[in-house]
Amino acid sequence: MSSFPGGRRVLITGLGFITPIGNDRATVSASLRAGKHGLAPVQFLGNPQIPVRVAGTVKDFSVDSTSCREWAWPAQYELPRETLRGMAPHGVYAFCAVQQALADAGLKPVDVANDDETGMFCASAGSAMLMHNNLALMHAVRGERGNPMGVVSSIAGTLNFNLAAHFHITGAVCGFVSACASASHAIGYACDEIRLGRLKRVLVVGAEELNAETLLPFAAMRALSQQSDPTLASRPFDAGRDGFVGAGGSVVLVLEEATFAAARGASVYSEVAGWGQAADGYSVAMSHPTGAGLQRAINRALTDAGLDPKDIDYVNAHGTSTPVGDRAEAIALKTLFNAAGARPAVSSTKGLTGHPLSLAGAMEAGFCALAMREGFTPGNPHLVNPDEACADLFLPRETLATGPAAVLNNSSGFGGSNVCHVFKRWAP
Amino acid sequence: MSFANLPASPSQLARYPVEARDAYERFRTTGDVEALSLVILAAVRDFMPKRNLGASNVELRGDMKLMEDLGYDSLAVAETVFFFEDLFKVRIQNTELLSVHTIGELQKFVMQKLAESNNTPSA
């Protein structure tokens, strides 16, 4: 059991999805069950020479312009101009996902507004596109004028600034920046704030936009797949993988303290039974060769949850489809689970979505919660020839028709940041 | 007097009603002050916080106060000023704005700025 005094437990009671594989819970669930990917052809900067040919695109939104006047989103979301004016493109995704998650949790915006026990923790990298646009203008006019919304719409933190103001969040608001582990950090610290008794409810928001400014710098690092066939481009743990596929979107989780949630009759996806983090101390961008930090993070998450490796039925891997990262994670999983005689199903849903960077941890936590409540286990549909490093891992290709009782969700970010969550079927 | 140094069909007005875009063109080519007033009115409507006023089709009058009557906050004022700076290639100081409270005062202020900038082509 958790080492936190007070015995408070944390539940996932609402989900909102704006993702490459669907913009609502039912579509996301259907895509995960069918192994249907959300990758589509893309071309950036009008240049067919750029070797980035597919991405996990967000459908039914148009946020490519640097002017928010020209953005469009599905008609069911009412986004007032005075909120829109300070937002980045990924803020629009997040706004819609918050609305969806609140409704899914049986809450109205008025229920969380000015409620000192509701907080909001966000994760995004900011908007490189708007930052570039603002700074280009600044240089063009030699610093004489600038967009008054330039700061709040573009710097890391834009999500928390705008959403907390719009939804009148008074419990606490903060942002997390640890690259691809950001949203996982947000979930972990939200869980702790609730277990410490400081907040009763936290809206965890992850979001990223998909455009040249966000994605192409990763091509410069040689981190992106150059494939044009979506099924070949994102194939975590396959011997032929050649890099990750970028993605955008937003996922929101409503986390609530268990007695508080029960008192209002909330329906439950799963318990956040614990989490853990550890660092590699090894490289600015590459994983430790044997996933040393990830192994420590997994052990800490399991200890926090009071579980053994054998209790875990499913691992939602970080698995971005890069040669080095997938191998390190496979070694970490083999080392921990095989030694304990455990063989959980392992899959990376990034095969279907691509890799949404800061958003990844929240998106995959949402997928895990959905799988636990609806009773399925996502597979690895793009996996054909598993890497030899994965030889002893159970990597189902097809979705399994049974739901896991306990899940491990891994995320790793630049600088060797590793964050893991353990979700457990809720048993009051 | 014309303001032919200003660009034709600026992107900032691309989504504005055709009357506003026509008025801009009339002002640009003939210096028609009434036409400029229409452009400013369209921008005021555009930046007006809709939440405070409910409907955006309320009739706007020159004596209406931006903050008290139209629900402008200081960010909306800053946005409107930036819009005019960018559209008319002028620079507006914070101190100059202190005397602007109503729509009519804003119209007069922008006209004055444009007249000044027209006399100093390098501005």
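This is a predicted model: local features need pLDDT of at least 70, side-chain atom pairs count only at pLDDT 80 or more; totals for chains, interfaces and linings use all residues.

Reader: How many residues of chain A and chain B are in contact?

Author: On chain A there are 15 residues in contact with 19 residues of chain B; contact means heavy atoms within 4.5 Å.

Reader: And what area is buried between them?

Author: About 1,500 Å² is buried between chain A and chain B, and carbon and sulfur atoms give 47% of it. Buried area is the accessible area (1.4 Å probe) that two parts lose on being put together, summed over both. In chain A, the residues that lose the most area to chain B are Arg69(A), Glu82(A) and Arg145(A), together 37% of what that side buries.

Reader: How many salt bridges are counted between chain A and chain B?

Author: The count is four, where a salt bridge is a side-chain nitrogen of Lys or Arg within 4 Å of a carboxyl oxygen of Asp or Glu. One salt bridge pairs Arg145(A) with Asp86(B) at 3.5 Å, N to O. Another pairs Arg81(A) with Glu79(B) at 3.0 Å, N to O. Arg81(A) lies in helix α2 of chain A and Glu79(B) in helix α4 (residues 74–88) of chain B, so this pair joins two chains. Helices here are DSSP runs (H or I, at least four residues), numbered from the N terminus.

Reader: Is Arg81(A) buried or exposed?

Author: Arg81(A) counts as buried because its relative accessibility is 12%. Buried means under 20% relative accessible area, exposed over 50%, and partly exposed in between (1.4 Å probe, protein chains only). Glu79(B) is buried too, at 7%.

Reader: A change of topic: where is Gln100(A) found?

Author: Gln100(A) is found in helix α3 (residues 89–104) of chain A. With 14% relative accessibility, Gln100(A) counts as buried. The side chain of Gln100(A) reaches the backbone nitrogen of Phe17(A) at 2.8 Å.

Reader: Why is helix α7 of chain A largely enclosed?

Author: Helix α7 (residues 158–166) of chain A is largely enclosed by the rest of the structure because seven of its nine residues are buried. Among them are Leu159(A), Leu163(A) and His166(A).

Technical notes: Residues are numbered from 1 along each chain as its sequence is written. Chains are lettered from A and ligands numbered from 1 in the order in which they are written. Side-chain values use heavy atoms; hydrogens and water are left out. A polar contact is a pair of N or O atoms within 3.5 Å; within protein, one must be able to donate a hydrogen and the other to accept it, and residues adjacent in sequence count only if both atoms are side-chain atoms.
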